[in-house]
Amino acid sequence: KQHVDHLLVLTVYQCHGACAEVDSDTEAVAGKGFKLGCISCKRRSEVESSSTIEWYFRPKGESDFVHIYTYKEDNPTIKNEQFLDRVDWNGSKRSSDIQDASIYLFNVTFNDSGTYRCFFNRILYYDNYEHNTVVSKVVHLTVVAKATRGTASIVSEVMMYVSIIGLQVWLLIEMIYCYRKISAAGEEALREAANAEYLAIASESKDNCAGVQVGE
């Protein structure tokens, strides 16, 4: 369901190759796992790069962010006791050129509600110099006791059924149009055949009459 919501609801920006910047889901269910999505596509795929990922968290009702997680080249470090043994890397594998910095949160609690910020500290390696960039993404997470269907999900499902019905109506109209066109062509062909047969009979009758007159 989450994947469907991603495709239908959230904005997708096409980047290079197979990379697409998809926003994270924002509703987690208490006691279950949840993926905090964070994707930053590199604009020039031919340029080599390396990235260090930093995750920060601001609890609901608080004003300050706390550092919770760091990742660089298969070397994750949990920085906050609240998330100890509860965070796992879910992003790019076996590569320093990280574009997907998503993490997976186990056993979500209501205390996990709040704002998460993901930072890409990226170094681009050109022939004669290196260029440092910083990209950040924000996820506003709400933890609920039971999964709910969002309005966007309902609207997307309704639109899907409307599209299916619209397609069926269009196909029906096309079938009726084609049937009438074929019927009209068939009737025209029958009329032409009948006219040709009538002309042939008339011509034959005329020849017979001419033969009779000559005989007399």
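Visitor: How far apart are the closest N and O atoms in the salt bridge of Arg86 with Asp112?

Guide: This is a predicted model, where local features need pLDDT of at least 70, side-chain atom pairs count only at pLDDT 80 or more, and totals for chains, interfaces and linings use all residues. Residues are numbered from 1 along each chain as its sequence is written, and side-chain values use heavy atoms, without hydrogens and water. A salt bridge puts a side-chain nitrogen of Lys or Arg within 4 Å of a carboxyl oxygen of Asp or Glu. For Arg86 and Asp112, the closest N and O atoms are 2.4 Å apart.

Visitor: Are Arg86 and Asp112 buried or exposed?

Guide: Buried means under 20% relative accessible area, exposed over 50%, partly exposed in between (1.4 Å probe, protein chains only). Arg86 and Asp112 are both buried.

Visitor: Which parts does the salt bridge of Asp97 with Lys42 tie together?

Guide: The closest N and O atoms of Asp97 and Lys42 are 2.7 Å apart. The two residues are 55 apart in sequence, so the pair ties together the loop between β8 and β9 and the loop between β4 and β5.

Visitor: What is the relative accessible area of Glu21, which meets Arg43 in a salt bridge?

Guide: The side chains of Arg43 and Glu21 meet at 3.0 Å, N to O. Arg43 is exposed, at 60%. Glu21 is buried, with a relative accessible area of 7%.

Visitor: Which residue is linked with Glu21 and Arg43 in a network of salt bridges?

Guide: The structure has four salt bridges. The network links Glu21 and Arg43 with Lys137.

Conventions. Helices (H or I, at least four residues) and strands (E, at least two) are DSSP runs, numbered from the N terminus.
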